[in-house]
Amino acid sequence: MRVGLVGTGVMGGVHAAGWAAAGAELVAVYSRDGERARALAGQYGARVVSSYGDLLREVDVVDICVPTHLHHSMALEAFAQRRHVVCEKPIALTEAEGREMIAAAERAGVRFFVAMVLRFFPQYRLTRQLVEQGRVGQVGVIRLKRVSYTPQKAGDNWYLDPARSGGMMVDLMVHDFDFACWLAGDVTRVYARAAGDRYALATLRFASGAMALIEGGWANPPGVFRTAIDVAGTAGVIEWSSDATASIRTYLRQPTGAAGEVGLPLSPLAEDPYTVQIKHAYEAIRTGTPFEVTPEDALRALRVALAARESARTGRSASLEEVR
């Protein structure tokens, strides 16, 4: 399987390493930064191409690791050439763009994978597994935290331009919006408050009756990144924090009615989630098996992010049916 990589920033490098670990052939690299393109291509035995069109002519799969506002146009061009696409999150800047991308992939008969990498982190996967097994009963309340530092980027920092990144809620909090939906299903309403584009709290109401409180931000000092999970159901609680050890802690009601504690250790030598994600996408495309994250999943997370952003702007709760 011949892979072409578009974009040579941090995520471009991470994806390139993933493709190499998967056994795919990275044959072409395209980037506006010629020096970085040459360095990355040289590391993996690929060739630097002078245009996106040249890359499309040489590959079976296009991996799009460029600023969000370019996802839509580049994906459509790849689908027009019947190329499979792996695209960094979020899927696009608007729901309309995301829907058009999904429809174009279906018309072309090719695969479309959006890299919602949180689903491949062991703590989040284990939490999902416990919920699926009914270990906490019916999920009632989900609390998630993802507070990082402002994205650091030399020169033109596109992350700080909402017209190109969608802003913090769309770029960062979309991870936890997706995870919350993975646990509890579809969201009906969102209420959010924000301090500029650096910190926000969003409350989600699900069709199932569950609630989620999600904290996100680019508010910490450089190098400080904190995440946390807290899921409460009718039969127990799951807790994990990045400040703690690798173990998830569960407090589950026992048959006697007494609460018990179970530590579930995770190996510190577990494979990098970004590599796990690319390996999964590679195998699914190669064998025709389903993706664990569908384009529709990525679109659902974007819709929640857009509703949260709109709620923060207006000061009122937002229905997902009202936000496009």
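**Helices, loops and overall build of a predicted model**

The buried residues of helix H4 (71-80) are His71, His72, Met74, Ala75, Ala78 and Phe79, where buried means under 20% relative accessible area, exposed means over 50%, and partly exposed lies in between (1.4 Å probe, protein chains only). Helices (H or I, at least four residues) and strands (E, at least two) are DSSP runs, numbered from the N terminus. This is a predicted model, in which local features need pLDDT of at least 70 and side-chain atom pairs count only at pLDDT 80 or more, while totals for chains, interfaces and linings use all residues. Residues are numbered from 1 along each chain as its sequence is written, and side-chain values use heavy atoms, with hydrogens and water left out.

The partners of H4 come next. Its buried residues pack against strand S1, helix H3 (52-58), strand S4 (61-64), strand S5, helix H5 and strand S6 (112-115), with contact meaning heavy atoms within 4.5 Å. Just after H4, Arg82 takes a positive phi of about 55°. Arg82 lies in the loop between H4 and S5, and its relative accessibility of 56% makes it count as exposed. Most residues other than glycine have a negative phi, and most peptide bonds are trans. Arg82 is a residue other than glycine with a positive value.

Pro90 has its place in the loop between strand S5 (84-88) and helix H5 (95-108).

Helix H2 shows how a helix can have two faces. In H2 (residues 34-44), Ala37, Leu40 and Ala41 are buried. These three cover an arc of only 100° around the axis, which puts them on the same side of H2; the arc is that of the directions from the helix axis to the C-beta atoms. On the other side of H2, the exposed residues are Glu35, Arg38, Ala39, Gly42 and Gln43. The buried residues of H2 pack against strand S1 (2-6), helix H1 (10-22), strand S2 (25-30) and strand S3 (47-48). H2 is followed by Gly45, which has a positive phi near 70°.

Arg303 and Arg32 are 271 residues apart in sequence, and their C-alpha atoms are 30 Å apart in space. Asp297 is also found in H11, and at 15% relative accessibility it counts as buried. Not counting residues up to four places away in sequence, Asp297 touches Arg119, Asp178 and Glu292.

Ala312, too, is in helix H11, but it is partly exposed, with a relative accessible area of 25%. Leaving aside neighbours within four places in sequence, Ala312 is in contact with Met169, Ala192 and Ala194. Thr227 is 85 residues from Ala312 in sequence and 22 Å from it in space, C-alpha to C-alpha.

It is now time to step back to the whole protein chain. The chain contains 11 helices and 15 strands. Its radius of gyration is 20 Å, close to the 20 Å that the globule rule gives for 324 residues, so the chain is as compact as a globular protein of that length; the radius is taken over C-alpha atoms, and the rule is 2.2 Å times the number of residues to the power 0.38. Along the principal axes, the C-alpha trace spans about 65 × 45 × 40 Å.

Of the 324 residues in the chain, 51% are buried. Among contacts between residues at least 6 apart in sequence, 64% join residues at least 24 apart. The chain exposes about 14200 Å², and carbon and sulfur atoms supply 50% of this area, as given by the Shrake-Rupley method with a 1.4 Å probe; for residues, only the protein chains shown count as cover.

Charges complete the picture. The chain has 36 positive and 35 negative charges, and their mean positions are 2 Å apart. Lys and Arg count as positive and Asp and Glu as negative, while His and the chain ends are not counted. The place of a charge is taken as NZ of Lys, CZ of Arg, CG of Asp or CD of Glu.
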